[in-house]
Amino acid sequence: MKVISLNVNGIKQAADRGFFEWMVRQNPDVVCLQDIQVDERSLNDSVFFPPEYNTYFFDSMENPDQAGVAIYCKSMPKAIMTGMGFPECDFEGRFIQADFDKVSIGAFLTPHGSNHEETLQEHKYRFMEGFKNHLIKTRRKRREFIFCGTANVARSPIDVSSWFVNQRNSGFLPEERKWINEIFNELEYIDAFRQVNKQDKQYTWWPDYERAWKLDEGGRLDYQIATPGLKNLIQGGTIYKGQRFSDHAPLIMEYNLD
């Protein structure tokens, strides 16, 4: 099973940059999109609905121009779930899940946070806590899960450029790193990409200026978080940099679930 995850930073912008044509050529089984920034009802162009895929959206109730997630899948899911039961997620369209025979796959989007606005960073922390509680509950279920999305946190020094300086910035604060490493250590989830790729400078996001892209100064802020039963079924993982669809790059993972 090929699973692609991408923060599109606006699905219309990504479409203009050729994302959907690229996506169809990749022939993935499931695609999880984050930060679609749109009301589904405004998507009138057929480009957003490739005939090969079933399409499901969960946009923000508060402001459809912000946040929002989507799932594209070849096989018809047994069920679609939206939200995780707390306001920072459910009112802002930050989680959608598709259940299949052998696995459930979700798309999640963590808020950005801020170095300067305490309310924004506290908002991010509340989402992080709610998401962690959801992951704790998920571990009790008798099926496998893959949570694909933007954590807006780099896990370790090899996952961010200028790591020493960035310890003071949202996205690499000690509290944030503690949170994400608890997911992989205490809760025993699998960082699917790191299971197959241990190299440094494997970034999925670059600040929105050309110099950062050229110098490869960014961070690995996007993950596929898998339940432990999938650990030995991860076959490969890549970060696609051949085209730029947003300030993030597609994360492509292969699982032996056939």
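Which helix is K132 found in? K132 sits in helix α4, residues 118-138; helices here are DSSP runs of H or I with at least four residues, strands are runs of E with at least two, and both are numbered from the N terminus. Before going on, a word on the model: this is a predicted one, where local features need pLDDT of at least 70, side-chain atom pairs count only at pLDDT 80 or more, and totals for chains, interfaces and linings use all residues. Residues are numbered from 1 along each chain as its sequence is written, and side-chain values use heavy atoms, with hydrogens and water left out.

Back to K132. Not counting residues up to four places away in sequence, K132 touches W179, E182 and L187, where contact means heavy atoms within 4.5 Å. Buried means under 20% relative accessible area, exposed means over 50%, and partly exposed is in between (1.4 Å probe, protein chains only).

| Residue | Relative accessible area | State |
|---|---|---|
| K132 | 14% | buried |
| D35 | 9% | buried |
| Q37 | 27% | partly exposed |
| F164 | 56% | exposed |

Most residues other than glycine have a negative phi. D35 has a positive phi of about 60° without being a glycine, and Q37, also not a glycine, has a positive phi of about 55°. D35 is in the loop between β2 and β3 (54-58), and Q37 lies in the loop between β2 and β3 as well.

On to the inside. A nonpolar core is a set of buried Ala, Val, Leu, Ile, Met, Phe, Trp, Tyr and Cys residues joined through side-chain atoms within 4.5 Å. The largest one has 33 residues, and V30, I71, I105 and Y255 have the most contacts inside it. Elements giving two or more residues to this core include β2 (30-34), β4 (69-73), β7 (103-109) and α7 (192-196). The top contributor is β7, with 4 residues. Leaving aside neighbours within four places in sequence, V30 is in contact with K2, V3, I4, I71, Y72, C73, F100 and I105. Apart from this core lies another of 22 residues, among them A15, V31, L33 and V38.

Last, the surface. W163, F164 and V165 make a nonpolar patch of about 320 Å², and F164 lies in helix α5, residues 163-166. Patch residues have over 30% relative accessible area and no salt bridge, with like charges joined within 9 Å and nonpolar side chains (Val, Leu, Ile, Met, Phe, Trp, Tyr) within 5 Å. A salt bridge is a side-chain nitrogen of Lys or Arg within 4 Å of a carboxyl oxygen of Asp or Glu. Areas come from the Shrake-Rupley method with a 1.4 Å probe; for residues, only the protein chains shown count as cover.
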